[in-house]
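The following note sets out points for a colleague who is examining the model.

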Amino acid sequence: MNKIAILLLLAIMFLPTASATCADNLRIFRISGTTNAHAELYGENNYTTDICWTSVGTHSNNGSNTILHLSSPTNAHAEQANQTNYLTDVYFGNLTCTYGASCAGNETCIATLSSTTNAHVSSQCSGAGSYPI
């Protein structure tokens, strides 16, 4: 009986999780789930789903690298960087964002918003009615 309990405990400990994580210097921001999620700044620790980039970047403003705006540092709604309703900015490396119904051939989607402002975020880059960033 003890062997079964130990094997069950080990199986539970090593179950894969749905969370995507990355190193701090690759993390752009975090979200509360993979779809219909609230967002937070990269350095907050309330959510476990990371929106990441493939190259190392800093989180300081270089004048053209605003990814999006958040309504607060955590538990936030998001908006496109060309909107002006929210004051918490998300910056990353040398990335620049364009907005449209889909990404062009030379662009890479990192996440989608449910609207241009007052939006929830998804880590999935497709779906009707989504706004890719």
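This is a predicted model: local features need pLDDT of at least 70, side-chain atom pairs count only at pLDDT 80 or more; totals for chains, interfaces and linings use all residues.

1. A disulfide is taken here as a pair of cysteine sulfur atoms within 2.5 Å.

2. Residues are numbered from 1 along each chain as its sequence is written, and side-chain values use heavy atoms, with hydrogens and water left out.

3. Helices (H or I, at least four residues) and strands (E, at least two) are DSSP runs, numbered from the N terminus.

4. Which cysteine is bonded to cysteine 22? The partner is cysteine 52, with the two sulfur atoms 2.1 Å apart. Cysteine 22 lies in the loop between helix H1 (2–13) and S1, and cysteine 52 lies in strand S3 (residues 49–52), so the pair ties together parts that are 30 residues apart in sequence. The torsion about the S-S bond is about -95°, and the disulfide is therefore left-handed. Cysteine 22 counts as buried at 17% relative accessibility, while cysteine 52 is partly exposed at 28%. Buried means under 20% relative accessible area, exposed over 50%, and partly exposed in between (1.4 Å probe, protein chains only).

5. Cysteine 109 and cysteine 125 form a disulfide with their sulfur atoms 2.2 Å apart. This link is also left-handed, with -85° about the S-S bond. Cysteine 109 is in the loop between strand S6 (88–91) and strand S7 (112–113), and cysteine 125 is in the loop between strand S8 (121–122) and strand S9 (131–132), so the pair joins parts that are 16 residues apart in sequence. Cysteine 125 is partly exposed, with a relative accessible area of 39%.

6. Cysteine 97 is in no disulfide, and the nearest cysteine sulfur, that of cysteine 103, is 8.9 Å away. Cysteine 97 is partly exposed at 23% relative accessibility. Cysteine 103 is likewise in no disulfide; its nearest cysteine sulfur belongs to cysteine 109, at 4.7 Å. The relative accessibility of cysteine 103 is 30%, which counts as partly exposed.

7. Two strands pair if DSSP finds at least two bridges between them. S1 pairs with S3 in the antiparallel sense over four bridges, with isoleucine 31 opposite threonine 49 in S3. S1 also pairs in the antiparallel sense with strand S2 (residues 39–41), over three bridges; there, leucine 41 in S2 is the bridge partner of phenylalanine 29. Is S1 enclosed or open? Five of the five residues of S1 are buried, so this strand is largely enclosed by the rest of the structure.

8. An open sheet of three strands has the order S5-S4-S6, with antiparallel pairing. Strand S5 (78–80) and S6 stand at the edges with a single partner strand each, so one side of each is left without a neighbour in the sheet. Neighbouring strands of this sheet are turned by 35° against each other on average, direction ignored; axes are lines fitted to C-alpha atoms, for helices over the stretch in contact, and angles run from 0 to 180 degrees between N-to-C directions. S4 and S6 pair over four bridges, and histidine 69 has aspartate 89 in S6 as its bridge partner.

9. The largest nonpolar core has 20 residues, of which Ile28, Phe29, Ile67, Leu68, Ile110, Val121 and Ile133 touch the most other members. Strand S1 (27–31) and strand S4 (66–70) each supply at least two residues of this core. A nonpolar core is a set of buried Ala, Val, Leu, Ile, Met, Phe, Trp, Tyr and Cys residues joined through side-chain atoms within 4.5 Å. Beyond its neighbours within four places in sequence, isoleucine 133 is in contact (heavy atoms within 4.5 Å) with residues including Phe29, Ile67, Leu68, Tyr99 and Cys109.

10. Buried residues make up 32% of the 133 residues in the protein. Among contacts with a separation of 6 or more, 57% are between residues 24 or more positions apart. The protein exposes about 7,700 Å², with 55% supplied by carbon and sulfur atoms; these areas come from the Shrake-Rupley method with a 1.4 Å probe, and for residues only the protein chains shown count as cover.
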